[in-house]
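Have the structure open and try each task before reading on.

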Amino acid sequence: MELPMVVSMSFGRRSLSLALAAGLVTLACAAPAAAAPSPKARVTVAAVVQGLVQADTSKEARDEVVAYLSGLVEGFAAAERARLAAGEKPFLCQDISGSLSAQELIAAFQKAAPDTATWTQTEAAPVIVDHLVEKYGCH
């Protein structure tokens, strides 16, 4: 399954924050206890993987995981633009438009946390951001 990455910023910072928060809260609240948020109330790898697996059969799961990933990517893109505006070196040297597949995300999670038993405690966002930097970064 290919998940769209929405990176255009057609709305203000407040809307972006709300979209990101809504995606995090929605995905975290929809996940059962086995894929609950981390102790810091952040979305876990287990919750994202569960959403990715269910996305093929559940429109609600697909919408939630797409909202979470879109918000995360948009937030990262906004932070990258702010870094550039401040004269800092970029993390990315390629445009992050395109798509992320469920398979590549799960592979990134397996690389970052090989023991799937830890996925209920492993925060997803840093792993996804690291994957974006690896895929689109300045090499």
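**Exercise 1.** Decide whether F109 is buried or exposed.

*Solution.* Start with the cut-offs: buried means under 20% relative accessible area, exposed over 50%, and partly exposed in between (1.4 Å probe, protein chains only). F109 has 1% relative accessibility, so F109 counts as buried. W119, at 8%, counts as buried too.

Before going on, note that this is a predicted model, in which local features need pLDDT of at least 70, side-chain atom pairs count only at pLDDT 80 or more, and totals for chains, interfaces and linings use all residues. Residues are numbered from 1 along each chain as its sequence is written, and side-chain values use heavy atoms, leaving out hydrogens and water.

**Exercise 2.** Find the aromatic pairs and classify their geometry.

*Solution.* Rings of Phe, Tyr and Trp (its six-membered ring) pair if their centres lie within 6.5 Å; planes under 30 degrees apart are stacked, over 60 edge-to-face, and the rest tilted. The structure holds two such pairs.

- Step 1: F76 and F91 are stacked, with 6.5 Å centre to centre and 25° between the planes. F76 lies in helix 3 and F91 in the loop between helix 3 and strand 2 (98-101), so the pair ties together parts 15 residues apart in sequence. F76 is buried at 12%, while F91 is partly exposed at 39%.
- Step 2: The ring centres of F109 and W119 are 6.4 Å apart and their planes lie at 65°, so this pair is edge-to-face. F109 belongs to helix 4 and W119 to the loop between helix 4 and helix 5, ten residues apart.

Helices (H or I, at least four residues) and strands (E, at least two) are DSSP runs, numbered from the N terminus.

**Exercise 3.** Describe how helix 4 packs on helix 5.

*Solution.* The axes of helix 4 (residues 102-112) and helix 5 (residues 124-136) come within 10 Å and cross at roughly 110°. That makes helix 4 roughly perpendicular to helix 5 (the class for 65 to 115 degrees; under 35 is roughly parallel, over 145 roughly antiparallel, the rest oblique). By class, their contact (heavy atoms within 4.5 Å) has seven nonpolar, one polar and four charged residues.

**Exercise 4.** Work out which residues join helix 3 to helix 5.

*Solution.* The axes of helix 3 (residues 59-85) and helix 5 come within 11 Å and cross at roughly 60°, so the two helices are oblique to each other. On helix 3, Y68, L69, L72, V73 and F76 meet A124, A125, I128, V129, L132 and V133 of helix 5. These divide into eleven nonpolar, no polar and no charged residues (Ala, Val, Leu, Ile, Met, Phe, Trp, Tyr, Cys and Pro count as nonpolar, Asp, Glu, Lys and Arg as charged, and the others, Gly among them, as polar).

Notes
Axes are lines fitted to C-alpha atoms, for helices over the stretch in contact, and angles run from 0 to 180 degrees between N-to-C directions.
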